[in-house]
Each structure stands twice: as structure tokens, then as C-alpha cells.
Amino acid sequence: MRRQFQLKETIATIIADEETYIDEAIESIRYHRKQLEQYISRDPFFRITFEPYECAEGAPEVVQRMADAAKKAGVGPMAAVAGTIAELVVEAMIARGASHAIVENGGDIAILNDREITMGVYAGESPLKNIGFAIEPRKKPFGICTSSGTVGPSISLGNADAATVFATSASLADACATALGNEVKDEARVERAFEIIKNIEGVEGALVIIGETIAAWGKIPRIERVSISPDCITRG
């Protein structure tokens, strides 16, 4: 089952085997967004800084995870917002009993899959199209997050069409995708860009697409040619 749900800036595609898990996901999105919004109303600098930022003592779980991931990646905490919410939502679905739960929040994915799935990479106007990954089943949830300087409304200081990071945590993958994307200024700097995430514990691998160049580092799923339906792209 697949459902798209939007709440303000959060535009998520939720995939599960039962309607009850999707309902749980929606309630979880509402809860964690409210927690985050209430925190930002008390500490507005948390929302605007591009630097790692210590959250206040007793901050909600969503805020703590964003801050922790951002600190590891050397970016501001909002760089991890989409992946962190997706991660918490998948955890809520698992707690309800789901063994197959996917939440894609604007290109940032938290996933627990009990069967092989194919995930496409959307790289905007890059001529490198119809590229995807064969995602094998895993026993623990993990993250697949993408930053782009040419696609979508999120802020990137680089020019990558897609900078995708695979990590044991979607919160970490999101922060690291931002850090990686910020470093990709042109094709010549792709290899050096990977250096910024190579030594971060929990990061498994990454892929960058910029123009006609594609590069990968670390352990990533098998790359396949896929046909990407526009209907599968989460958008407002």
C-alpha cells in the first residue's frame, strides 16, 4: 500500500503492507512535527544556523537526533530534519508490528524492507537518468538520503544533481547527504567531496551525480537500469 501525506513542508510517501501502519505513520508525523515546531518557537536559532548546534537540555527526541546527526556531519541541524522525521515514523510503524515500512520524506528515506525493492534516483536535468538501486532485505531500519543543488527547495551549497548517502540511520544519512552535496561544486571535485563523510561512523557508502559524471564510494546497493515513473516522485 502506498499513500502520500502532506503536513506543511513535510511531503511524505508512506509504503506498508497494512492500512493500520500507514495510519500510525501519519500520526507519528503529526506528533514529531508538533514537537519540533514547539521547540523552534522557543529556540529559533536552531532553525536557521548552518553550523552544528547544541540543543537545550530536555529537548524532544526529534530535536536531539537532528542535532546529534548534524554535529557528526558538520552541518546545521535542519539539514537532518526530513531524514529524522522519516526515521522516527518508520520506528513507530515497526513498534506497531510492521516488517516492511518505507517513508520517503522529500527524497530522504527511512526503510525497513523484508523483500528486495528497487529505488530510483531522480537527478533532475542530468542526462544520467533511469538509474536505481536494488535494495536487499535488511533486519534493521536504515537510511537512504539525497541532497541536490539543482532539484527541490532544500538549501545546498553545491551543484550536485544528486548526492545520495547510505547509512545505518536516516537522520545521519540526511545530514551527511547535505555535507556531501555542499562539497560537490563541479565534476573535478567529486572524488575529494567523499572525504568529508568517509570517516563518519554509520555511513556505509555514497553516490554522486553531477552533469554527465557519476561516482560512488563505499558499500552501496547494486546499481540497475530502471524506468522511473514520475508518479513515484514525491512532490507538493
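**Strand pairing and a loop residue**

Modeller: β7 and strand β8 (residues 162-167) pair in the antiparallel sense over 5 bridges. Strands are DSSP runs of E of at least two residues, numbered from the N terminus, and two strands pair if DSSP finds at least two bridges between them. This is a predicted model, where local features need pLDDT of at least 70, side-chain atom pairs count only at pLDDT 80 or more, and totals for chains, interfaces and linings use all residues. Residues are numbered from 1 along each chain as its sequence is written, and side-chain values use heavy atoms, with hydrogens and water left out.

Colleague: In β8, which residue is the bridge partner of Cys145?

Modeller: β7 and β8 are antiparallel. Within β8, the bridge partner of Cys145 is Val165.

Colleague: Which residue in β7 is the bridge partner of Ile109?

Modeller: Strand β4 (residues 108-112) runs antiparallel to β7, joined by 4 bridges. The partner of Ile109 in β7 is Ile144.

Colleague: Why is β7 largely enclosed by the rest of the structure?

Modeller: Buried means under 20% relative accessible area, exposed over 50%, and partly exposed in between (1.4 Å probe, protein chains only). Strand β7 (residues 142-147) is largely enclosed because its buried residues number 5 of the 6.

Colleague: Is Lys8 buried or exposed?

Modeller: Lys8 lies in the loop between β1 (2-7) and β2 (10-16). Although Lys8 is not a glycine, it has a positive phi of about 55°. Most residues other than glycine have a negative phi. Because its relative accessibility is 54%, Lys8 counts as exposed.
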